[in-house]
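We will go stop by stop.

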Amino acid sequence: MNNAEELKSKLFKEKTNGYEKLSEKELKKVFSFSEGYKEFLSENKTERECVKSIKRLLKENNFKNIDELKQLHPNDKVYYINREKCIYAAVIGQKSPEDGFNMIASHLDSPRLDLKPNPLYEDEEIAFLKTHYYGGIKKYQWVNIPLSMHGVIITKDKKIEIKLGEEEKDPIFTIADLLPHLSSKQEKKTLKDGIEAENLNIVVGSIPYKGNIDEKVKLNILNLLNQEYGIKEKDFVSAEIEFTPAMKAKDLGFDRSLIAAYGQDDRVCAYTSLKALLKEENPNKTCICIFADKEEIGSMGNTGMYSNTFEYFIEKILNKTVGNNPSIINKVFNSSKMLSADVTGAYNPNYPDIYEKNNESYINHGISIIKYTGSASKGGASDANAEFVGYVKNLFESNNITYQVSEMGKIGIGGGGTIAYILANRSIDVLDCGVPVLSMHSPYEITSKYDIYEAYKAYKAFYKGE
Ligand code: MN
Ligand code: MN
């Protein structure tokens, strides 16, 4: 190396494709980790399904329902489930709670199509379900793809769980777009309005019930639903039915370096942080893993991150470790550290105009640190303290974790947020830190197996940190 090369390697921030650094053995490890992840994604398309699977994995690893234990001791492993839609887990540490907890928080909800409360109707002898989209979607991406049906229906005397469209033998559902031959009017519309929200109506049947009455196709569908699930039309009111892409998670590319799947925002961070927590034995500080709901629609409601359930869970831990002393909770928050484990948009080379190349996240360049989110003026961002960013950066470096630091797109071009600010408002040190995703919020999002593994390593290191 000549002098300039030497100086450059010393002073410049390294920017390398992670795959270039991997030995054959390490590559195998990275690829084999992604197998479990793909299974998790294919099996769990909704927050309720995720909670069930996470609970099973926690129990298999000796975690107990926190309400079953009177007292908590170091290395006790516990979980708490809120309304089947969000789950908190903890491994109790050696240190006093007053020294703070190490927490990682992701979310389990993903953009999708929910059913309206009065969804079923018939039009020209085709039966449809009317939807109301959940989270930020580009509506044109959701037509003419296979959809599956997930959720719960509460009837007079029972609760029915539905999952239909995922098994090979199951029917699927879809939304019928207009044929190109007759689309000249539609194609003049903007991409945003080309498919309208009120046209996201799902085709669900076409055989009429025999008899001389109106709405025979609708009747036939209701009759089938009644035979299968015992429900009547009015039971849709007390239901949460979500239609999600029916596709399974798959390897993407000739080299299988990437994963294509629905719901990777934010299940990629949920899965990797869960795996990190499952590895935790006898931690110094209490390790908390949060899997929130409702992030995609603003974190409101009793399963969202704004809810007091989070305090409720922390209080449960405090009551069972240091005793009932409510005044301590703010002290605990004030000395706690948190990674808001959420994805960010990866640089998409098809659209260079959107990005500011020096400050983007790149596929295969490791886990992304985002100091602040928000839009134009950093509006709405919690903007992590330099000291805390420094702590995380040094931690990653000393643990050989490939990380990148970015914003998302040019200033003012758009924006978004995570749950970081909600927890930062409670005086916790919080930093956004997650996996970059291509085609985020689409029915088939793309991530890198390398980045996924680095996230897992990063979350493990964070739990082991000070
Ligand atoms: Mn997210
Ligand atoms: Mn999102």
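**Stop 1: one metal ion.** Select the manganese ion (ligand 2). Along the chain, its donors follow the spacing D-x30-E-x144-H. Donors are N, O and S atoms within 2.8 Å of the metal (3.2 Å for Na, K and Ca); water is not among the atoms, so sites may look incomplete. Now show Asp 265 (OD), Glu 296 (OE), Glu 296 (OE) and His 441 (NE2): these protein donors lie 2.1 to 2.6 Å from the ion. Asp 265 sits in helix H7 (residues 264-278), and His 441 in the loop between strand E20 (436-437) and strand E21 (445-448), so the pair ties together parts 176 residues apart in sequence. Helices (H or I, at least four residues) and strands (E, at least two) are DSSP runs, numbered from the N terminus.

A note before moving on. This is a predicted model: local features need pLDDT of at least 70, side-chain atom pairs count only at pLDDT 80 or more, and totals for chains, interfaces and linings use all residues. Residues are numbered from 1 along each chain as its sequence is written, chains are lettered from A and ligands numbered from 1 in the order in which they are written, and side-chain values use heavy atoms, with hydrogens and water left out.

Stop 2: Which residue bridges the two manganese ions? Asp 265 does, and the ions lie 3.3 Å apart. Select the manganese ion (ligand 1). Its protein donors are His 107 (NE2), Asp 265 (OD), Asp 342 (OD) and Asp 342 (OD).

**Stop 3: the largest core.** Select Leu 58, Leu 339, Ile 367, Phe 396 and Tyr 459. They have the most contacts inside the largest nonpolar core, which has 58 residues. Such a core is a set of buried Ala, Val, Leu, Ile, Met, Phe, Trp, Tyr and Cys residues joined through side-chain atoms within 4.5 Å. Helix H12 (residues 449-464) gives the most to this core, with 9 residues.

**Stop 4: helix H10.** Select residues 386-398. Its buried residues include Phe 388, Tyr 391 and Leu 395. Look down the axis: the buried residues of H10 fall within an arc of 155 degrees (taken from the directions from the helix axis to the C-beta atoms), so they line one face. The face turned away from the buried side carries the exposed Ala 386, Glu 387 and Ser 398.

Methods. Buried < 20%, exposed > 50% of the residue type's maximum accessible area, 1.4 Å probe, protein only. Expected span 1.5 Å × (residues − 1).
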